[in-house]
Amino acid sequence: MFVSHIRGVPDRWEGHERRILHHVSPDLERWECVGEVPLSSDRVIDASVHPLPGGGYRQRQGLVLDQPGSRPWDATVGRHADVVVGTDAAGAELAWVFYFTHRHEPGAATGPDQALSPQPDVPIRHATDVQVATLTVVDGRLVCDRDGVIDLDLRRATSPTRT
């Protein structure tokens, strides 16, 4: 797992060092920090990195969220994702990925007129939308269906820390 690390709670980006930390786990319950990922900048905030076969790392956006969806306001790369593991109604394991899309990015959907916006006083170019999609494993690969029907019921979350 790669984690963005920013010391404190800054009220602006300027002057605040940002690092990406690499953690490993044998069971997704116990984690060990391997160390800081050696990147070319201390201004990185997106922890979407992966090791290269010949050594070093490359930052990537999206991975499973790199292709736009077709739902309203889901026409760009998904960002800042978080995953909740659970089961579907029949008990099969799945996960829900929550992510953001930004309406001001190139390729973003134009959506409804400003008058029909959920918050007419917020310019659409400043709006960020939270989306959710289902993650499953198919033939050993993680698959995200951004356009599929979402059977979201967080009561079926199976996180070991859930109470």
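Author: Arg-19 has a relative accessibility of 22% and therefore counts as partly exposed. In this scheme buried means under 20% relative accessible area, exposed means over 50%, and partly exposed lies in between, with a 1.4 Å probe and protein chains only. The model is predicted, so local features need pLDDT of at least 70 and side-chain atom pairs count only at pLDDT 80 or more, while totals for chains, interfaces and linings use all residues. Residues are numbered from 1 along each chain as its sequence is written, and side-chain values use heavy atoms, with hydrogens and water left out.

Arg-19 forms a salt bridge with Glu-36, and the closest N and O atoms of the two are 3.3 Å apart. This pair links distant parts of the chain, since Arg-19 is in strand 2 and Glu-36 is in strand 3, 17 residues apart. A salt bridge here is a side-chain nitrogen of Lys or Arg within 4 Å of a carboxyl oxygen of Asp or Glu. Side chains of opposite charge can pair when their charged atoms come close. Glu-36 is partly exposed as well, with a relative accessible area of 46%.

The strands themselves deserve attention. Helices (H or I, at least four residues) and strands (E, at least two) are DSSP runs, numbered from the N terminus. Two strands pair if DSSP finds at least two bridges between them. Three strands form an open sheet in the order 1-2-3, with antiparallel pairing. Strand 1 (2–6) and strand 3 (32–36) stand at the edges with a single partner strand each, so one side of each is left without a neighbour in the sheet. On average, neighbouring strands of this sheet are turned by 35° against each other, direction ignored. For such angles, axes are lines fitted to C-alpha atoms, for helices over the stretch in contact, and angles run from 0 to 180 degrees between N-to-C directions.

Strand 2 comprises residues 18–24 and is joined to strand 1 by five bridges, the two running antiparallel. Along this pairing, Ile-6 stands opposite Arg-18, and Phe-2 stands opposite His-22. Towards strand 3, strand 2 has four bridges, again antiparallel, and His-22 stands opposite Gly-35 there. Five of the seven residues of strand 2 are buried, so this strand is largely enclosed by the rest of the structure.

The pair of Arg-19 and Glu-36 belongs to a structure that holds seven salt bridges. Another joins Asp-74 to Arg-146, with the closest N and O atoms 2.4 Å apart. Asp-74 lies in the loop between strand 5 (57–59) and strand 6 (79–87), and Arg-146 in the segment after strand 9 (141–145), so the pair ties together parts that are 72 residues apart in sequence. Both Asp-74 and Arg-146 are buried.

A further salt bridge connects Arg-155 with Asp-153, the closest N and O atoms being 2.9 Å apart. Arg-155 is exposed, at a relative accessible area of 65%, whereas Asp-153 counts as buried at 18% relative accessibility. Asp-151, Asp-153, Arg-155 and Arg-156 are linked in a network of salt bridges.

Finally, a search of the whole structure finds zero disulfides, a disulfide being a pair of cysteine sulfur atoms within 2.5 Å. Cys-33 counts as partly exposed at 40% relative accessibility, and Cys-144 is buried, with a relative accessible area of 18%.
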